[in-house]
Amino acid sequence: MTQTGHTPAVDATHALSPVPSAAARRDQPVPGRIRYYFGPMACGKSTLALQIDHNHARQGRRGLLLVRHDRSGTPTITSRIGITRDAIEVHEEMNIQDLVRAQWAGNQRVDYLIVDEAQFLSPCQVEQLAELADHAQVDIYCFGLAIDFRSHLFPGTQRLVELADELHPVQVEVLCWCGLPGRFNARTQDNRILREGDTVLVADTADGDPGGESTVRYQVLCRRHYRSGELGPQAVPAGQLSLA
Ligand SMILES: [Zn+2]
């Protein structure tokens, strides 16, 4: 596009809009913020979720704790270092806006939502979170995995990455057997990596072998060893990292 003299060019693709003055913004409610904290399995996401809830609650804010496919099998947010809080299980068809509206109808404040295992949310449920942030000023804290066992983004994670105001890698590192930070959640069986199958495998695989097949496990690996398929000198101990 050409421009002559000092006359600004009219550019139909111009990305920037004029903004209102500070005075004009005073009457506008500020939308809630959507934050996504992500990392591999066992990196401390649930612990962080409960810490954030504790910090908000002790200053008088009221939140709801939500979870999908909690590893304990009951609707709780369970931290691997031993802290547990009751939570609301988000079912596949649940409308999270309706859930929050029901709280309001009962005169319960909802200032923020904490969602654990948020990678399992449907893209539609992530849209509902965005609606609550934008039109009801609810702050949204989501915690989950980034990538599945095939090293692809979960659909829920993808929508969160697209819509969130802030993306935070959780900085408590989990190490591959080689000592490098692990970012990949490998699904393994008989000491081999499985690269095909359903994205969500919710079965509690640590309890043995109900189908007569050998146990499916998860193991955190660095990129090099995820790609090469080398699982290290010894198998993962039974009971470790038993859920997606
Ligand atoms: Zn490695």
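## Close-up views of a predicted model

**View A. Strand 9 meets strand 10.** Strand 9 (residues 184–189) pairs with strand 10 in the antiparallel sense, and 3 bridges join the two. To find your way in this predicted model, start at Arg187, whose bridge partner in strand 10 is Leu194.

View B. As a reminder, strands of a sheet pair through backbone hydrogen bonds, either parallel or antiparallel.

**View C. Helix 3 against helix 4.** How do these two helices cross? The axes of helix 3 (residues 96–105) and helix 4 (residues 123–136) come within 8 Å and cross at roughly 40°. Helix 3 is therefore oblique to helix 4. On the helix 3 side, look for Ile96, Gln97 and Val100; they meet Gln125, Gln128, Leu129, Glu131 and Leu132 of helix 4. Sorted by class, this contact has 4 nonpolar, 3 polar and 1 charged residues.

View D. Glu117 sits in the loop between strand 6 (112–116) and helix 4. In UniProt, an unreviewed entry carries the annotation "active site" for Glu117. Is Glu117 buried or exposed? Glu117 is buried, because 26 other C-beta atoms lie within 10 Å, and the cut-off for a buried residue is 20 or more.

Terms used:
Residues are numbered from 1 along each chain as its sequence is written. This is a predicted model: local features need pLDDT of at least 70, side-chain atom pairs count only at pLDDT 80 or more; totals for chains, interfaces and linings use all residues. Axes are lines fitted to C-alpha atoms, for helices over the stretch in contact, and angles run from 0 to 180 degrees between N-to-C directions. Helices (H or I, at least four residues) and strands (E, at least two) are DSSP runs, numbered from the N terminus. Angles under 35 degrees count as roughly parallel, over 145 as roughly antiparallel, 65 to 115 as roughly perpendicular and the rest as oblique. Two residues are in contact if their C-beta atoms, placed from the backbone, lie within 7 Å. Ala, Val, Leu, Ile, Met, Phe, Trp, Tyr, Cys and Pro count as nonpolar, Asp, Glu, Lys and Arg as charged, and the others, Gly among them, as polar. UniProt positions are given in the numbering used here, feature names are shortened, and annotations may be inferred rather than shown by experiment. A residue is buried if 20 or more other C-beta atoms lie within 10 Å of its own, exposed if 12 or fewer, and partly exposed in between; C-beta atoms are placed from the backbone. Two strands pair if DSSP finds at least two bridges between them.
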